[in-house]
Amino acid sequence: MRIKNGDDGFVDPQELLLRTDWNAVEHCCPNVAPATPLILLQLLDEDPRVQGAALRDLNQAVTHQNTFYSATAPAAAFVAAILEDPRTLAEVSDRTPYEDAHYGAQPRFPLRVGLLNWLRDTAEDANHTAEWPPGEQADIDAFRAIRPTLFDAARQLLAHDSQEVREAALTAILPLLTEPDLAHHIPALRDEVRALAVGDGPHRGRAIDALASWGEDTSLYPRPTRHVGDVWADMAAPDEPPF
């Protein structure tokens, strides 16, 4: 399977992984979680159960507790490169059996949406001040440096057949537009963001926040009490450790 890459046409996953010296970077839990390149390759596994577990590992290890590691930026670049791979359309769950038993089974979702949400969350964290997010400044800066690449990858999905994918792509783009070199795209996206802001989907709060940051009067938009997509973040963490 060959994967679209914005800079070089098409590459395969193994070749893309070879662009990073994975021995020189790390995530949070090298003695517990799989190595980053293994997590990334498992995102493209033929078994949706393996893919869902890899998405969980991506969240729990590569950006554990919103922290940036030296593996975060190269992992994000890989994720951006595989967004259009057909295998990312697999329906997955990133919940453990423990969580399903205690909170009820989670509806499955396209892995592509989960990857876009991970990029969105990481980009949102990267936009904070010097006091946040956790991590070495060099690792945060490395992620910020690839925001144009992430933008190009997500933008390709704005015309996707699936509304769920389109909306996930749009909200993944929003935090990237704080990059000065990307701000000129805001006018072309306003109408799509306005449409998202008046809808009843899980991304409405983020759309309203974006419009407010662009100087629009959002007083007439019905504001949710919280982002629906963040419901699990508001709940107490399970007693079971992440790995």
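Biologist: Is threonine 122 buried or exposed, and what is its relative accessible area?

Modeller: This is a predicted model, and threonine 122 lies in helix H6. Buried means under 20% relative accessible area. Threonine 122 falls under that cut-off and is therefore buried, with a relative accessible area of 2%.

Biologist: Which backbone oxygen does the side chain of threonine 122 reach, and at what distance?

Modeller: Leaving aside neighbours within four places in sequence, threonine 122 is in contact with Thr63, Phe68, Thr72 and Phe143. The side chain of threonine 122 also reaches a backbone oxygen, that of tryptophan 118, at 2.8 Å.

Biologist: At what angle do helix H6 and helix H9 pack, and are they roughly parallel or roughly antiparallel?

Modeller: Helix H6 covers residues 111–126 and helix H9 covers residues 163–173; their axes are 8 Å apart and the angle is about 15 degrees. Angles under 35 degrees count as roughly parallel. With an angle of about 15 degrees, H6 is therefore, relative to H9, roughly parallel.

Biologist: Which residues of H9 make the contact with H6?

Modeller: The crossing of H6 and H9 is left-handed. On the H6 side, the contact is made by Arg112, Val113, Leu116, Asn117 and Arg120. By class, the contact has six nonpolar, two polar and three charged residues. The residues on the H9 side are Glu164, Val165, Ala168, Ala169, Thr171 and Ala172.

Biologist: How many residues of helix H4 are buried?

Modeller: Helix H4 runs over residues 72–82. Its buried residues are Thr72, Ala73, Pro74, Ala75, Ala76, Phe78, Val79, Ala80, Ala81 and Ile82. Helix H4 is largely enclosed by the rest of the structure, because the number of buried residues, out of 11, is 10.

Biologist: Where does threonine 88 lie, and which backbone oxygen does its side chain reach?

Modeller: Threonine 88 lies in the loop between H4 and strand S3. At 0% relative accessibility, this residue counts as buried. Not counting residues up to four places away in sequence, threonine 88 touches Leu44, Ile82, Leu83, Pro110, Leu111, Arg112 and Leu115. Its side chain reaches, at 3.1 Å, the backbone oxygen of leucine 83.

Biologist: Why are H10 and H11 described as oblique to each other?

Modeller: Helix H10 (residues 186–198) and helix H11 (residues 204–213) have axes that come within 7 Å and cross at roughly 135 degrees. Angles over 145 degrees count as roughly antiparallel and those from 65 to 115 as roughly perpendicular, while the rest, apart from those under 35, count as oblique. The crossing angle of roughly 135 degrees therefore makes H10 and H11 oblique.

Biologist: How many charged residues does the contact of H10 with H11 have?

Modeller: H10 passes H11 in a left-handed crossing. Arg190, Val193, Arg194, Leu196, Ala197 and Val198 in H10 meet Arg204, Ala207, Ile208, Ala210 and Leu211 in H11. By class, this contact has eight nonpolar residues and no polar ones, and its charged residues number three.

Biologist: What separation do the C-alpha atoms of arginine 144 and threonine 178 have?

Modeller: Arginine 144 is found in helix H7, residues 137–145. Not counting residues up to four places away in sequence, it touches Ala126, His128, Gln137 and Glu179. Arginine 144 and threonine 178 are 34 residues apart along the chain, and their C-alpha atoms are separated by 9.9 Å.

Biologist: What percentage of the residues of the chain count as buried?

Modeller: The chain has 11 helices and four strands. Of its 243 residues, the share that count as buried is 48%.

Key:
Residues are numbered from 1 along each chain as its sequence is written. This is a predicted model: local features need pLDDT of at least 70, side-chain atom pairs count only at pLDDT 80 or more; totals for chains, interfaces and linings use all residues. Side-chain values use heavy atoms; hydrogens and water are left out. Helices (H or I, at least four residues) and strands (E, at least two) are DSSP runs, numbered from the N terminus. Contact means heavy atoms within 4.5 Å. Axes are lines fitted to C-alpha atoms, for helices over the stretch in contact, and angles run from 0 to 180 degrees between N-to-C directions. A crossing is left-handed if the near helix is turned anticlockwise from the far one by less than a right angle, and right-handed if clockwise. Ala, Val, Leu, Ile, Met, Phe, Trp, Tyr, Cys and Pro count as nonpolar, Asp, Glu, Lys and Arg as charged, and the others, Gly among them, as polar. Buried means under 20% relative accessible area, exposed over 50%, partly exposed in between (1.4 Å probe, protein chains only). A polar contact is a pair of N or O atoms within 3.5 Å; within protein, one must be able to donate a hydrogen and the other to accept it, and residues adjacent in sequence count only if both atoms are side-chain atoms.
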